[in-house]
2 protein chains.
Amino acid sequence: MGNQKKYLIMLRKIRNAIISVYEKEGLTQVLKVLKKYKINIISSGGTYKYIKKKGYKVREVSEFTGFEEMLDGRVKTLHPKIHSGILFNRRKNKHIKEMSTKNYESIDLVIVNFYPFLETLNKTNNPKKIIENIDIGGPTLVRAAAKNFEDVTIVSDCKDYINLIDELKKNKGKTTLKFREKMANKAFSLTSGYDATITNWFNKKSNIQFPERKIFFGNKIDELRYGENPHQKSSIYSTDQKNLNLGFNKISGKELSYNNYNDIYAGLELLLSIKKIPTTVIIKHANPCGVASNKSPLQSFKDSKSSDPVSAFGGIVACNFNINISLATEINKTFFEVILARGFDKNALKLLKKKKNMRLIDISNFSVKNRPGVKIFDNSFLLQEKDEVVFDKKKIKFVTKAKPTKLEINEAEFAFRVCKFVKSNAIVIVKNKATIGIGAGQQNRLDSCRIASEKAKQFQPQKLLNSVAASDAFFPFPDGIKTLIKSGVKIIVQPGGSIRDQEVIDAANKAKIKMIFTGVRHFNH
Amino acid sequence: MGNQKKYLIMLRKIRNAIISVYEKEGLTQVLKVLKKYKINIISSGGTYKYIKKKGYKVREVSEFTGFEEMLDGRVKTLHPKIHSGILFNRRKNKHIKEMSTKNYESIDLVIVNFYPFLETLNKTNNPKKIIENIDIGGPTLVRAAAKNFEDVTIVSDCKDYINLIDELKKNKGKTTLKFREKMANKAFSLTSGYDATITNWFNKKSNIQFPERKIFFGNKIDELRYGENPHQKSSIYSTDQKNLNLGFNKISGKELSYNNYNDIYAGLELLLSIKKIPTTVIIKHANPCGVASNKSPLQSFKDSKSSDPVSAFGGIVACNFNINISLATEINKTFFEVILARGFDKNALKLLKKKKNMRLIDISNFSVKNRPGVKIFDNSFLLQEKDEVVFDKKKIKFVTKAKPTKLEINEAEFAFRVCKFVKSNAIVIVKNKATIGIGAGQQNRLDSCRIASEKAKQFQPQKLLNSVAASDAFFPFPDGIKTLIKSGVKIIVQPGGSIRDQEVIDAANKAKIKMIFTGVRHFNH
């Protein structure tokens, strides 16, 4: 056996275990195994009572330490006898001698989990109660045991009860170093996450958006087949610590890919920002290629597809309504990677399920929480408030001689909203609350104008007349709006703010079109 | 005075302070103030000696607890007398009674900072030494004091020594609740970050790329004027915990904006992936609009700008070389937001500095660490390995009758590399290691082909003949390559892998052009 392998095994017999757990399910199985291997148990409070009730022998912490717990249990395990028992180095004569002089016993197994801080937050808004629930003794036991993993086993997650049982059985009451190290790593991730939740709560309480130290964490939900490309490994994590799902429920089809997730979020954030009216969003490469609102759900799908039927192929479709059989029949004419909807009728589901490669997802329970945006680079990250507005109808300016009607303002609002979710530079041309041309991701605005116009000319030229165009940022020159006007656009909505605004307004007036300045920019990269 | 205000003030007199610090600079100023307000000091080890030496009265922890420290200091403050002193509720008669029965004293101020775990990692590779340095007692003191911030003051950062002094002076030896709460929040962010560093070290040690719980954190470097748009607040954080800078050094110009940072990283990752040969990258809206390598640095700048002079305006320019006066003169003909270079000659700097709005940044010390990529959504994040390859020259396939020369393969490699950094769908046309057409961010590949061709036709049509085109993913139909061929492209490099590959190869053979399959895709959204 090689030295490395020998080291990895380094079996440790367990004499005493300290147990203090919030999660008791599955604990009896652990107790059974501990008894089998003659491992003594030390415990207190609710866990002590539970173990006793189950008929197992157990010493109280206060009996073990000779120190009565005080301050309503705030000080209980914070005692040298407990922490020496965990922390002493089993290979150091000096430590062993100190332990024996004091007649201290070794504690080789720590099973501790604490009431999740997030649960407290979900249960009460009372700061005093929340603070009272911050555990001090528990994390200290966990950290001490994890530090000394070379000799001590720490089980900090109830999901590992079963792994502990396996480990003890396999090694006849002992654990391997490999197991102990894995558990120690997990323990530090737990305590880090616990304190992150606390500091994030303090930040929220004090309305601190940009604290000196910003911490994020997530729990792994799934390992993905691969990342953005097949040679990159990838996993997806949930930052909602409560339950390990993302709020959308896959009901059929292959597993979701990295790029599916990326497109899904691009689609859902846009879709769910539109309330009430049935809307379909089709996403391809994280950009919308068709968005349409219509009283008729079927029509909203048809219109969104007509915006760019070439790009729509293989895209993801997101609907803020339930899919019925007639829509399912229409959807089935094209291949899409993912269909997201607020439920599927039974016969619609039956039809759509036939395409095994198409993922069907129920988004009835999904909601956007508008958390701050984070963009992570190699050695830094940008944190920013979410871009939550579209424009304020009270603050928009009608800068041309011709003024838009109320209906036209609503149409402009739709165009500007879609534009907000298109990668910059973005130009979006709209007719009857349906996109007809989307110019995305260009390095200059004129090119985005050209692309949007060309797209409309290619697929629905008849709709260009009297259409509405939105721009995510101001026009630095009149060339862009001239391109739009030439193609038939009659209303332009844009933030304004260029030093050449007057030139742009003059060009609009000359063409007798209407222009709205929103005062709000929507760069999105 | 309103109740809220009264609560925020809630002054607390400090009787005993426990001090255990790694960072001693500035501590004497604190000691002076503690003495002034007759605050007793408890300490141990190095801090005890330091305080004693400075001539201040101080009790040893062991004297205070009546318990000799053991296990080489592993167990010292983990004692009920210390933690009761911190944790008891000063407004609860039961707690006060328990404290007085035991003759325990209250500890109202905790000044503790620990040897940063990251420093340990930078000093040694020995796991035993690293683990020995994991502090258990320190974080417990910090967490206990932070939990009980309603009565106790925790100072866990040496940068707050001065704030503590101010607070005590202002309130005559007392602290306000507002101050205590702020310090408590910071304390939990410290302990969370400390344990995050530990678990990240374990993950690295065990080669775990996708742990069950993934934690990131960063320290704020700067509040930005605003985020991606003026109505969004924003800050930038460093994830390099060692020093609070990003590795690039601004030497002139206005403060950097959110969008500047976004463009800078887009530019630097591409630029620094090209070794040896002088190269210029111009970025606009996070996409390259011109990239050129040339033995002559000046020519590399000129060529990169010629690729799309319209978009280049107001972009960011990144050079992997030193900027001299002739290049500075050339740069000054256009307005750029940011110039990044490996240094600036003195007279070049003098010239460029005249444009006050243009930021000049020295990137001599910047390096890309290829950390995993993270994309954060509203309630989840995707974690993936960095896309580190371009293509493997040994694995590429020459799929057409006509085969490329070695020189042409190098040209194809350049085109494919740039393509990797262009938002998908991406098409990049190159001549003599300079881009002449970049088709970025389209929802279908044909559109990207059109845009790239149009761009080249618009600015440098003469260079299209015998040019090389790269595609970040396969061509689903021959239409895209037909567009490229028609415009003059003679070599196409793409991953391959479409079910219609043969049709695409046939079209290439028919046009007598050369095609390379790389087997590697480079989606980038």
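What share of the 525 residues in chain A is buried? Buried residues make up 54% of them. A residue counts as buried if 20 or more other C-beta atoms lie within 10 Å of its own, as exposed if 12 or fewer do, and as partly exposed in between, with C-beta atoms placed from the backbone.

Before going on, a word on the source. This is a predicted model, in which local features need pLDDT of at least 70 and side-chain atom pairs count only at pLDDT 80 or more, while totals for chains, interfaces and linings use all residues. Residues are numbered from 1 along each chain as its sequence is written, and chains are lettered from A and ligands numbered from 1 in the order in which they are written.

Chain A as a whole, then. Its secondary structure comes to 20 helices and 23 strands; helices (H or I, at least four residues) and strands (E, at least two) are DSSP runs, numbered from the N terminus. The radius of gyration of chain A is 31 Å, well over the 24 Å from the globule rule for 525 residues, so the chain is more spread out than a compact globule. That radius is taken over C-alpha atoms, and the rule is 2.2 Å times the number of residues to the power 0.38. Along its principal axes the C-alpha trace spans about 100 × 50 × 45 Å. Of the contacts in chain A with a separation of 6 or more, 56% are between residues 24 or more positions apart. A contact here means two C-beta atoms, placed from the backbone, within 7 Å.

Helix α18, residues 445–459, has 15 residues and reaches 22 Å from its first C-alpha to its last, close to the 21 Å expected. The expected span is 1.5 Å times one less than the number of residues. In α18(A), 11 of the 15 residues are buried, so the helix is largely enclosed by the rest of the structure. Among them are A:Arg445, A:Asp447, A:Arg450 and A:Lys455. What do the buried residues of α18(A) pack against? They pack against β19, β20, β21 and α19 of chain A, together with α14 (309–312) of chain B.

Helix α12, residues 258–271 of chain A, has 14 residues and reaches 20 Å, close to the 20 Å expected. This helix is mostly covered, with 12 of its 14 residues buried. The buried residues include A:Tyr258, A:Tyr261 and A:Tyr265.

Now the interface. In chain A, 112 residues are in contact with 112 residues of chain B. Helix α11 (residues 177–205) of chain A gives the largest share of the chain A side, 14 residues. By class, that side has 45 nonpolar, 42 polar and 25 charged residues. Ala, Val, Leu, Ile, Met, Phe, Trp, Tyr, Cys and Pro count as nonpolar, Asp, Glu, Lys and Arg as charged, and the others, Gly among them, as polar.

The chains also share strand pairing. Strand β8 (residues 213–224) of chain A and strand β8 (residues 213–223) of chain B pair in the antiparallel sense over 7 bridges; pairing requires at least two bridges found by DSSP.

B:Gly441 lies in the loop between β20 and α18 of chain B. Is B:Gly441 buried or exposed? B:Gly441 is buried, with 34 other C-beta atoms within 10 Å. Leaving aside neighbours within four places in sequence, B:Gly441 is in contact with residues of both chains, including A:Gly441, A:Asn287 and B:Lys423.

Within chain B, 6 strands form an open sheet in the order β10-β15-β14-β13-β11-β12, with mixed pairing. β10 and β12 stand at the edges with a single partner strand each, so one side of each is left without a neighbour in the sheet. Inside the sheet, β13 (316–319) and β14 (338–341) run parallel and are joined by 3 bridges. B:Val317 has B:Ile339 as its bridge partner in β14(B).

Last, some backbone details. A cis peptide bond joins A:Ser424 and A:Asn425, with omega about -10°. Another joins B:Ser424 and B:Asn425, with omega also about -10°. B:Asn432, in the loop between β19 and β20 of chain B, has a positive phi of about 50° although it is not a glycine. With 15 C-beta neighbours inside 10 Å, B:Asn432 counts as partly exposed. Phi of B:Lys512 is near 60°, again positive in a residue other than glycine. B:Lys512 is exposed, with 11 other C-beta atoms within 10 Å.
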